[in-house]
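The sequence and the structure come first.

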Amino acid sequence: MFAQSRVIKGVVKDSETGEGIPGVGILVVGSTTATTSDINGGYSITVEGEGKKLIFSYVGYANQTVDADKEVIDVTLMPSSTVLNETVVTALGVSREKKSLGYATQQIGGDQVTAVKSGNFVNQISGKVAGARVRNNSNMGGSTNIIIRGATSIVSNNQALFVVDGVPMNNDATNGANQKSSRGGFDYGSPISDINPEDIESINVLKGAAATALYGSRAARGVIIVTTKKGRLAAADTRRRFGVTLNSNLTLGTIDKSTFPTYQQEYGGGYGKFYGPNGDEWFDKGDVTGDGTADDLIVPTYEDASYGGKFDPSLMVYQWDAFVPKSKNYHKKTPWVGAGENGPATFFNKAMSTTNGFSIDGGTNKGAFRVSYSNGNESGIMPNSSLKKNSFGFNGGLELNDKLSTSVSANYVNTRAIGRNETGYNDNLMSSHRQWIQTNANYADLKEIYELTDANYGWNPQSWTDPVVPIFWNNPYFQRYKNFQNDQRNRFFGNLTMNYKVNDIISLMARIGVDTYSTLQEERLAVGSLAQGFGIPSIAGNLGPASPSGYSRLNKNFGETNFDLMANFKKDLNENFNISGLIGSNIRRSSDASVWSSTNGGLVVPELYSISNSVNAPLPSVENAALYGVNGYFAAVSFGYQRFLFLDVTARQDYSSTLPVDKNAFFYPGVSGSFVFSEKLKNLTWLDFGKVRLNYANVGNDAPFASIADVYDKPSAFGSTPLFSLPNAKNNEDLKPEISSTTEAGLEMVFFKKRLGFDFAVYNTNTTNQIFNVTVSTATGYSSKFVNAGKIQNKGMELSVFGTPLKTKDFSWTVTLNYASNRNKVIELFKDESGVEVKNLQIASFQQGVTLNATVGEALGSLKGTDYVYKDGKKVVGANGYYVKTTTTDNTLGNINPDFTAGITNTLTYKNWSYSFLIDMQQGGSVWSVDMAYGLATGIYPESVGNNDLGNPVRNDVSAGGGVIFEGVLADGTPNTKRVAADYGAWGYVRNPNAKFVYDASYVKLREMSLSYHIPVKKEHFFTGASVGLVGSNLWIIHKNLPYADPEAGASAGNTQGAQIGVMPLIRTYGFNLTLQF
Amino acid sequence: MKKLLTSLLVLIIATIMSCKKLTDLNEDTKSATKVPSGTLFSNAMKNLVDQETSPNVNLNVFRAFAQYWTETTYTDESKYDVFTRKIPDAEFRILYRDVLNDLKEAKRIVATETDIESSAAVKKNKTALTEILTVYTFHRAVDLYGNVPYEDALDIKKLSPKYDDAQTVYSKLFTRLDAAIADLNTAEDSFGDADIIYGGDVAKWKKFANSLKLKMAISVADVSALDPQGKVASAVSGGVLASAADNAVFQYLGTSPNTNPVYVDLVASGRHDWVPTNTLVDKMNTLVDPRRDDYFDDNLGAGVYKGGTYGASNSYAIYTHVSAAVEDPTNPALLMDYAEVQFYLAEAAARGFSVPGTAESYYNAGITASILYWGGSAAEATAYLLNPAVAYTTAAGTYKEKIANQAWIAYFNRGLLGWTTWRRLDAPVFNPPSGMTIADIPKRFTYPIGEQTLNNANYTSAASAIGGDKLTTKLFWDKF
């Protein structure tokens, strides 16, 4: 027969809206002929020969294949979010039909992380994936903690592994140990934020071990697979050869005042009536006027609490600015009043961020490409803070011939930040705002004086005779504008892939993936600042020596290379059976090197930030150089029977460099099965789809670099005497790989013509032989030791429900609910080499003796400290009238794990309008607030003022009818009637056990809201697609129990969670999006 | 096509081959795996002296416990809150991890060193020096906490070390110290410059070791089972510090991070946390003590000294501050001094132990040595000793009170020693903070908070063995 050439026409429509879809790729199967649909979804394509098929594909829709046997073929495509034949990307980049999978995955589209932007797309996963717990803080460019199905490891990394287009991408925060434990320092953010959200096609979350086992050692904690947008193949003769997308976003942010202190406005600076010449007055006295008598009232500026004199506008006193020669109040008395509207809340600026980007995609019938560029510009709420990001992306694919194709992806990202906010206790303005301040500190004046003098005159000088020498706190503006840090990161990541199709059954893939970055972090302490521990410590683990000024720089280079070789096969054995599988190897090498240098003893020349400007000879630089790697070999095979029974078996063997040579191999088997029972229940018309699934798998983990051999620490020399020391952590030459095994069962069902569906999973993960650097009694000569041990159980359930309660031609309402609860429990810890069982491990230790622990029989992450003493359920008050604290500090006060988390997204669409909002919540979980423990002690909060039960000011002397009777009983059970002074510490840490400051961390938040309008596209328009949107995030904390702070706020990503020390307020953002396509 | 495929394959194989073998990785190429023993000895010594000297509220609050200093604003520690800052944890950690473990390692390395200078005698000296400093450090721990981990301590294989009876530990420390003294060969070298205190002078170490033995024996003077009399006699016959030239002086340096910790916390930190107490200043004013201008600043005017009320909130501006000499970055620290030894001998004589001199002669020598050490003159010392309230024969009180009052004044910059003097001799009269009584003043240091969660079973039994893990529990030697 002669090949016949004919033209087939038709329209491609959306199955839900019935509207034409422009830009759909249409390919004649087995040829190179292709086209795309026009603006109305219409197409025409020339087909040569008989028996051909056409394949229709478009992003966000399921592919559809039809026989090219008519002249007019109209096709409706189903959006992939609701289709049952959805394909998802699974481990090692293998695309699988979702219905065949025996484990839980949850996919979200790229649009779900770009509608509302935050600088790190991971933040936008919050509430959208059942079982993924995302915790971000309001640090500018700060890190994000993402844990899937609860923490499984006591001290190792619990963060999910990110894999971008098949290649793992590093996400290890570069924050120092002090930052993570809230002592101080900057949050340098999560490196995964280098991914441009606009480049994300989809995100698939692999939750359990069975889903991730093929990734080997790092996948024990779940994998987040990011697939980036690609160019599409197109026919050379179509009108639309290139597509251009422009997007622009402007976001403004303000603080949520419910997450910032409210200050009492009744009493000002001081700790009590301790001042004046005899130490018994509210104010100091001196001779400011020069009249020879020391009778001028002076505020005790050197105090950072608000238990001072009662405000009285008619009382004229000399405040800190009365001693600043350039001040308008120089040597003038001013009324003794609170800061009122000019309190610390006025310190914050409106945050603003703009993101502008474009992408161009295009292609021929042989190849396709996409390039993108994005520019982000952010200014934070703290004065003098900004973050700039430029990212360039390219990916392209080329079909070299029928069998060989290649693709390449290359991304370069440059991030620069100035003035990240401090975190933790030390020298953090937020610690001052929440814990230590005078309520009369007027920020408008502080700003004015700083701008006037360029010097460190502030509310907290050492004395009125030294007004420019701070004692505890700098002028906040001086701190922000002089002591700012800056950092930058240059990152390259990409991969080169070759695919070779041997025949219809076998194909081969080879890939090199590279992820590398260099960063520079510079910190400054200006001359004139409050002296503080700065720079390199002389002994590892300590703060740097107290310095009046200084400069510190850290240079770090990270690189990881992955080589993958893989053979895939796929064969239908007969009508009933098909089999597919793969076999391959992964070789991974990582290097991490850094050099940290700092000045010693201060700077010689002010404002010259270089190491050579050091007063004393700089201490030797701290160098690190780590090289590590894994060789992995894996295989997987999948069987399908009649499209309703599926079985997968996977196996991987890893050899890790970080384990002892004779114990460096570990094996991960996995098996999963699924039964699509709806295939057998076709008579049930209300049931669209039903599947049960079951799986079991092991995943392993190796040890941190260089934890099997001991080395010495090198403290700074004592003059010319060199020093060495045994390290604080004892390494262990006998480490074995840690293993976690998971059993999981799931049920997926879809009903009523896809109007309702759910996906339910239950799982049980046991992690054994964990490698941890356990805190040990220092009587051993060490602080910690690497051991292999423990058994942690995580049991939980996840439920995703989606429904479309209302649907008409123009209007629809869809609801998605994600719910997850995880219960973890420490089953056992370990026995030491002398056979003694260890029953409690300390994960972290905070101020005031509070610790975060793993205790046998309790959930991982219990907060322990001093508690109230109870008698018959009532708090016991001592003879002194204050609560009795336990003398023991191992009382369990709470647990940081929530009972459950949930998120509900409602989306309403009407014609081209779409409105969506996400409510996100956490029930339970505890947080230890150092902010409240100190802040209530220093009398800055309204809780510490007002009237007592007698109607007198509670702060009055007891003899004057003031004071408080704490509710409780005496040791003998009789009610407490002793009235005591409500002075410094009465409400705070001084007089109360740690238990008082452990709060319930539950919250309900209106996390995101967006309103968008898709501008109808007409043929005569220049553009092919356009939308505008109004978006907002963190708009409203509907409910919380923690006063003055966001329960989610914390220092940074990592296992040290559950403590609030100088945290930032939540930032409420709202903005505008514009997307145009040409 | 084939070419392309082949070249790709070659490229991939070549890159994989160029990877380092797994077993060649995992090496920390920036840290030492082998170091000389002296570097660990020096480090242990520095950590010990730093801890002894530090006035940091997170590390060492014994200047407050001894009522030399009191806090201005944040009075938690002066009121004996040691929980909030986990101070007992810091002390314990420094003694065991930063001092004792490095000494143990130094001793281990000495035995393996084979360089030419390490003759058997030198190695024996080095080993003995690590032992002497080890005994000093354990003694500090026992005198602070009571029962402490000893037999099980410093063994990373035993993560839950049991606590040993304090008296038993004492007895073992005496044995260890005697053995070390016997091993010292004064004709040979030891650690040389790595010995930051004595520059390797073994003869001085011998005096130090005997003085330590004297100190320990006086500590347990009321515990006859430990034969304090015999221990004092053998220490004296072995030769204790004979003059200020034998003092164990640790000379701090002018630049960070090796400055005196007092300078770090009082000057470099820019804080105003401490003032001298009324307990001390009042007493020295009464005695017209010539050391006042050495101890204190004249910030209130020449010759005017006023101490802050112990345990109360004190306005920094209206009280006396410590002197510039004490705050100097290069101010040396003392681990043991001649004045201290003289006071021990005075006490031994007063107790009727067999020592060559009289209580009065030692008492006078101790006071004189202290005044001279602090920069006073011999004339000042003589005049002071003539003060009837100072002179041994006329001063008020029992021998304990006389010696304690003067020793306590002399130990001004050595908080733990001053507090221990008060614990042992129940003098001078301390001022309890407002709302507290004398009974609330600490008699020991509480165990680390961390031991409650990390070593609970042993912690609990030790606490009950000593009579409760309280600051007010008396130690076994504190019988009066």
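## Strand pairing, salt bridges and the chain interface

Strand β57 (residues 926–929) of chain A pairs with β58(A) in the antiparallel sense, over three bridges. Within this pair, A:S926 stands opposite A:D1000 in β58(A). The model is a predicted one, and the descriptions below should be read with that in mind. The two strands belong to an open sheet of three strands in chain A, with the order β58-β57-β61 and mixed pairing. Its edge strands are β58 (998–1000) and β61 (1059–1060) of chain A, each of which pairs on one side only.

Another open sheet in chain A has four strands, in the order β49-β50-β51-β54, and here the pairing is antiparallel. Because β49 (840–845) and β54 (891–895) of chain A stand at the edges with a single partner strand each, one side of each is left without a neighbour in the sheet. From one strand to the next, the twist averages 40°. Inside this sheet, strand β50 (residues 851–855) of chain A is joined to strand β51 (residues 862–865) of chain A by three bridges, and A:N853 has A:S862 of β51(A) opposite to it.

A further run of antiparallel pairing in chain A involves β43, β44 and β45. The hairpin of β43(A) and β44(A) has four residues between the strands, and in it A:F752 takes a positive phi near 50°. A:F751 has A:L756 in β44(A) as its bridge partner, while A:N766 is partnered in the same way by A:Q793 in β45(A). The table sets out the bridge counts for these strands and for the two pairs described above.

| Strand pair (chain A) | Sense | Bridges |
|---|---|---|
| β43 (738–751) and β44 (756–775) | antiparallel | 13 bridges |
| β44 and β45 (784–807) | antiparallel | 19 bridges |
| β50 (851–855) and β51 (862–865) | antiparallel | three bridges |
| β57 (926–929) and β58 | antiparallel | three bridges |

Over all chains, the structure holds 61 salt bridges. One of them is formed by A:D454 and A:K482, whose closest N and O atoms are 3.1 Å apart. This pair links distant parts of the chain, since A:D454 lies in the loop between α5 (443–453) and β28 (461–463) of chain A, whereas A:K482 lies in helix α6 (residues 476–482) of chain A, 28 residues apart.

The remaining topic is the contact between the two chains, A and B. Chain A contributes 101 residues to this contact and chain B contributes 84 residues. Between them the chains bury about 7600 Å², of which 64% is on carbon and sulfur atoms. A:Y712, A:F718 and A:F724 supply 10% of the area that chain A buries against chain B, which is more than any other three residues supply.

How many salt bridges does the rule find across the interface of chain A and chain B? It finds one, in which the side chains of B:K30 and A:E623 meet at 3.4 Å, N to O. Across the interface there are also 36 residue pairs in polar contact, with both residues at pLDDT 80 or more. Several strands of chain A each supply at least two residues of the side that touches chain B, among them β30 (486–501), β35 (577–598) and β39 (645–656). The largest share of that side, eight residues, comes from β38(A). By class, the side of chain A that touches chain B has 51 nonpolar, 38 polar and twelve charged residues.

Note on methods. Residues are numbered from 1 along each chain as its sequence is written. Chains are lettered from A and ligands numbered from 1 in the order in which they are written. This is a predicted model: local features need pLDDT of at least 70, side-chain atom pairs count only at pLDDT 80 or more; totals for chains, interfaces and linings use all residues. Side-chain values use heavy atoms; hydrogens and water are left out. Two strands pair if DSSP finds at least two bridges between them. Axes are lines fitted to C-alpha atoms, for helices over the stretch in contact, and angles run from 0 to 180 degrees between N-to-C directions. Contact means heavy atoms within 4.5 Å. Buried area is the accessible area (1.4 Å probe) that two parts lose on being put together, summed over both. A salt bridge is a side-chain nitrogen of Lys or Arg within 4 Å of a carboxyl oxygen of Asp or Glu. A polar contact is a pair of N or O atoms within 3.5 Å; within protein, one must be able to donate a hydrogen and the other to accept it, and residues adjacent in sequence count only if both atoms are side-chain atoms. Ala, Val, Leu, Ile, Met, Phe, Trp, Tyr, Cys and Pro count as nonpolar, Asp, Glu, Lys and Arg as charged, and the others, Gly among them, as polar.
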